[in-house]
Structures are given as C-alpha cells and as structure tokens.
Amino acid sequence: MRYLLWLFLILLIITPVAADDHLEEDESGEHLGTLAIFFLILGSPYIMLRRLLVYSRRLDDSNGEFKEHVRRMYHNIRSNMLRLHNYSMLVATGVGLVHGLLLINRELGDTIFGILTLLAMILLSLSGILMYYRFRPVWDNRSARGFTKFLHRQWLLTIIMSITLILHIA
Ligand code: HEM
Ligand code: HEM
C-alpha cells in the first residue's frame with residue numbers, strides 16, 4: 001500500500017511538470033490520454049487469463065488435458081498478473097485524471113465521453129483497491145463487501161468504460 005501511495009504521488013507531481021516541458025499544454029494533455037490507454041491495455045491480461053479459466057472449466061471432460069493445463073497456468077501466474085492489473089490500472093486512472101484536468105475547459109462535446117470514461121475508471125479503481133487490500137471497515141460489513149465485489153466483477157462498468165472511451169477518441 002505504501003509503494004502504491006508513493007507511485008500515485010510521484011505520478012501526480014511528475015506528469016504535469018513533464019507535460020509543461022516542451023509541448024503546448026493542450027497537446028501534451030492529449031498525449032497523456034494515449035498513455036492512459038497504454039496502461040489500460042497493459043493491465044488487461046489478468047482479465048483475459050481469468051476468462052480463459054472460467055470458459056475452460058465449462059468444457060466437457062474430453063478436454064481434460066487442456067483444462068488441467070489452463071488451471072495450472074492460472075495458479076502459476078495469477079498473483080503476478082493480478083499485481084500488474086492493479087498497478088497498471090491505477091496508473092491508467094491517475095494519468096487519465098491528469099489528462100482530463102488539463103483539458104476539462106474544452107467544449108462539452110469533446111469532454112463528455114472522457115468524463116464518463118474517467119468516472120467508470122475511478123469507480124473500478126476504488127472498488128478494486130477495497131477488494132485487493134480487504135479494506136477493514138468495508139470488508140467487515142457483509143453487504144458492503146458483496147456490493148464492492150459486485151461493482152468490480154460484473155462487466156457492465158468495464159463495458160461502459162470501453163464504449164465511452166471509444167466514443168471519446170473516435
Ligand atoms: C475528465 C475526463 C476527460 C476529459 C475532460 C478529456 C478531454 C479530452 C479532450 C478535450 C481531448 C481532445 C479532443 C479533440 O481535440 O478532439 C481528448 C483527447 C483524448 N483523450 Fe481524453 N478526456 C478525459 C478522459 C480521458 C480518459 C480517461 C482517457 C483514456 C483512458 C482519454 C483518452 C484520450 C485520448 C487517447 C485522446 C486523443 C489524443 C490524441 O488525439 O492524441 N481521455 N480528451
Ligand atoms: C479501469 C480500471 C479497471 C478495470 C477496467 C478492471 C476490470 C476488471 C475486471 C473486468 C475484472 C474481473 C475479471 C473476471 O473475473 O471476469 C477484474 C478483477 C479484479 N480487479 Fe480490476 N479493473 C480495474 C482496476 C483495478 C484496480 C485499480 C484494482 C486494485 C488496486 C483491481 C483489482 C482487481 C481484483 C483484485 C480483481 C480480482 C477479482 C477476483 O479474481 O476475484 N482492479 N478487474
């Protein structure tokens with residue numbers, strides 16, 4: 001958790017400074033949006049790995065060898081992949097936030113889908129942090145715990161985030 005906070009702090013300080021360096025503020029702000037997408041992609045293998053496991057379990061027993069192979073692979077790389085998911089998605093949210101703040105004064109038409117994307121990312125990141133670190137006050141309460149897991153694991157927010165992002169950059 002300590003490292004995570006440092007990462008966030010450094011990011012929040014460095015990105016606007018770096019952004020000011022050589023480029024016009026607006027132009028560099030736009031590049032940060034591309035950087036956020038890069039981190040979103042970097043953090044997604046865990047989601048694919050998990051889907052692969054879930055779908056392979058549904059195959060019938062004639063695929064036993066394949067199922068066992070996937071199960072073993074999942075258990076071997078799960079924790080590293082999940083860590084990559086967490087950090088990368090958090091950085092994506094941080095960079096997306098800075099990008100949004102630099103460009104928020106543009107026309108509503110240019111910003112509205114970006115704002116929706118960012119809101120979905122913030123909700124996913126907050127629920128992800130609560131889940132991963134089993135944040136006490138939430139984790140001790142059964143319904144709050146259930147809601148947090150539901151918020152993150154159902155795919156609706158992720159799908160909304162992806163669609164609004166596509167509309168934003170289209
Ligand atoms: C409060 C949230 C946001 C605001 C206000 C915002 C605003 C903007 C604006 C004004 C532009 C320039 C549009 C144009 O010139 O046509 C832009 C471009 C872009 N935004 Fe956002 N955005 C937000 C969130 C995001 C997020 C969360 C991402 C990615 C995860 C993102 C990715 C991009 C990309 C890739 C571009 C295109 C950059 C380029 O063409 O080089 N934006 N955004
Ligand atoms: C925009 C950011 C994020 C997106 C789009 C996202 C998306 C997802 C999705 C779709 C799953 C479910 C995979 C499945 O079971 O089908 C998942 C799982 C998970 N995410 Fe995220 N996530 C994001 C950010 C985060 C962050 C910031 C953290 C933690 C710091 C996090 C922690 C987790 C954890 C712990 C799981 C595992 C759930 C489990 O296996 O039981 N996520 N994420």
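**Close-up views of a predicted helical chain**

Arg50 is partly exposed, because 16 other C-beta atoms lie within 10 Å of its own (a residue is buried if 20 or more other C-beta atoms lie within 10 Å of its own, exposed if 12 or fewer, and partly exposed in between, with C-beta atoms placed from the backbone). This is a predicted model, in which local features need pLDDT of at least 70 and side-chain atom pairs count only at pLDDT 80 or more, whereas totals for chains, interfaces and linings use all residues. Residues are numbered from 1 along each chain as its sequence is written, while chains are lettered from A and ligands numbered from 1 in the order in which they are written. Arg50 belongs to helix H3 (helices are DSSP runs of H or I with at least four residues, strands are runs of E with at least two, and both are numbered from the N terminus). Its C-alpha atom is separated by 8.5 Å from that of Arg78, a residue 28 positions apart from Arg50 along the chain.

**The whole chain, for orientation and confidence.** The chain holds eight helices and zero strands, so that, by the DSSP assignment, its elements run α-α-α-α-α-α-α-α from the N terminus on. Of its 170 residues, 19% are buried. Among contacts with a separation of 6 or more, 71% join residues 24 or more positions apart (two residues are in contact if their C-beta atoms, placed from the backbone, lie within 7 Å). The average pLDDT of the chain is 88, and 85% of the residues score at least 70 (pLDDT is the predictor's confidence in each residue, from 0 to 100). Confidence is lowest in helix H1, residues 2-21, with a mean of 58, and highest in H8, with 96. Where pLDDT is low, the predicted coordinates should not be read in detail.

**The largest nonpolar core.** This core has 13 residues, and those with the most contacts inside it are Leu32, Ala36, Ala92 and Val95 (a nonpolar core is a set of buried Ala, Val, Leu, Ile, Met, Phe, Trp, Tyr and Cys residues joined through C-beta atoms within 7 Å). Helix H2 (25-42), helix H4 (64-103) and helix H5 (108-132) each supply at least two of the core residues, and the largest share, seven residues, comes from H4. At least three residues of this core are drawn from each of domain 1 (26-104) and domain 2 (106-170), whose bounds come from an automatic or database domain assignment.

**Two helix H2 residues and Ala92.** Phe38 lies in helix H2, where it is partly exposed because 13 other C-beta atoms are within 10 Å. Between Phe38 and Ala92 there are 54 residues of sequence separation and 7.7 Å in space, taken C-alpha to C-alpha. Ile41 is also found in helix H2, but Ile41 is exposed, with 10 other C-beta atoms within 10 Å. Ile41 and Ala92 are 51 residues apart in sequence, with 9.2 Å from C-alpha to C-alpha.

**The shell around ligand 1.** Ligand 1 is surrounded by 23 residues, of which Gly33, Gly96, Gly100, Thr111 and Gly114 are the closest (a residue is near a molecule if its C-beta atom, placed from the backbone, lies within 6 Å of it). H2, H4, H5 and helix H8 (156-169) each supply at least two residues of this shell. By class, the shell has ten nonpolar, ten polar and three charged residues (Ala, Val, Leu, Ile, Met, Phe, Trp, Tyr, Cys and Pro count as nonpolar, Asp, Glu, Lys and Arg as charged, and the others, Gly among them, as polar). Because domain 1 (26-104) and domain 2 (106-170) both give residues to the shell, ligand 1 lies between them.

**The shell around ligand 2.** Of the 21 residues around ligand 2, those that come nearest are Asn86, Met89, Leu124, Ser125 and Gly128. Helix H3 (45-57), H4, H5, helix H7 (142-153) and H8 each supply at least two residues of this shell, and H5 gives the most, with seven residues. The shell divides into eleven nonpolar, seven polar and three charged residues, and at least three residues come from each of domain 1 (26-104) and domain 2 (106-170).

**Two exposed arginines.** Arg134, in the loop between H5 and helix H6 (136-139), has a positive phi of about 40° although it is not a glycine. With 11 C-beta neighbours inside 10 Å, Arg134 counts as exposed. Arg57 lies in helix H3 and is exposed, with 10 other C-beta atoms within 10 Å. The C-alpha atoms of Arg57 and Val70 are separated by 9.1 Å, the two residues being 13 residues apart along the chain.
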